[in-house]
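This report describes selected features of a protein model. Please keep the sequence and the structure in view while reading.

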Amino acid sequence: MLTFWVLWALVIPASAQVYKWVDEKGTTHYGERPPQGTKAQEVEQHLANPGPAPGKADQPNWKEKNLEFRSRRIETEQAEGKRKQQEDAQRQACNQARDQLGQMKLARRLYHLDEKGERVFQTDDERSASIARQEQLVSQRCP
């Protein structure tokens with residue numbers, strides 16, 4: 001007799017009715033009792049695990065995920081390599097500009113070569129302007 005009552009207690013919740021309805025926002029709801037004034041449908045109950053939702057694509061398998069991961073890693077490494085090259089080029093340009101500025105400040109007289117390859121010395125004002133331009137170049141190239 002005890003077994004009968006235990007089985008009966010287990011069967012009663014399993015036989016509860018489930019209803020399905022859609023609210024005014026278009027959202028689907030499920031419950032034991034539908035709200036009043038709403039058209040609801042009875043839902044057949046299945047005690048198995050639900051399958052994949054309709055319309056959802058199958059999950060990619062581990063091989064596809066591994067390929068995606070490797071391709072992202074390669075792209076990241078390439079981007080990192082390119083960034084390092086740019087930083088090295090910027091650092092080198094900065095060092096060259098600083099070296100040239102130091103040489104300009106140490107030199108007593110600055111000159112440039114004309115069309116014939118002869119030295120044309122700068123005046124003091126021209127020298128000051130050249131040093132100012134080089135200082136500006138250093139400030140642009142060196143963070």
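How many aromatic pairs does the rule give? The count comes to one aromatic pair, where rings of Phe, Tyr and Trp (its six-membered ring) pair if their centres lie within 6.5 Å.

## Basis of the model

This is a predicted model, in which local features need pLDDT of at least 70 and side-chain atom pairs count only at pLDDT 80 or more, while totals for chains, interfaces and linings use all residues. Residues are numbered from 1 along each chain as its sequence is written, and side-chain values use heavy atoms, with hydrogens and water left out.

## Charges over rings

A charge sits over a ring if NZ of Lys or CZ of Arg is within 6 Å of the ring centre and within 35 degrees of the ring normal. Arg109 lies over the face of Phe121, 4.3 Å from the ring centre. Likewise, the charged end of Arg119 is placed over the ring of Tyr111, at 4.6 Å from its centre.

## The sheet

Strands (E, at least two residues) are DSSP runs, numbered from the N terminus, and two of them pair if DSSP finds at least two bridges between them. Three strands form an open sheet in the order β2-β1-β3, with antiparallel pairing. Because β2 (28–31) and β3 (41–43) stand at the edges with a single partner strand each, one side of each is left without a neighbour in the sheet.

Strand β1 (residues 18–22) pairs with β3 in the antiparallel sense over three bridges. Tyr19 has Glu42 in β3 as its bridge partner.

Key: Phe/Tyr/Trp six-rings, centres within 6.5 Å; stacked < 30°, edge-to-face > 60°. Helix = DSSP H or I, 4+ residues; strand = E, 2+ residues; numbered from the N terminus.
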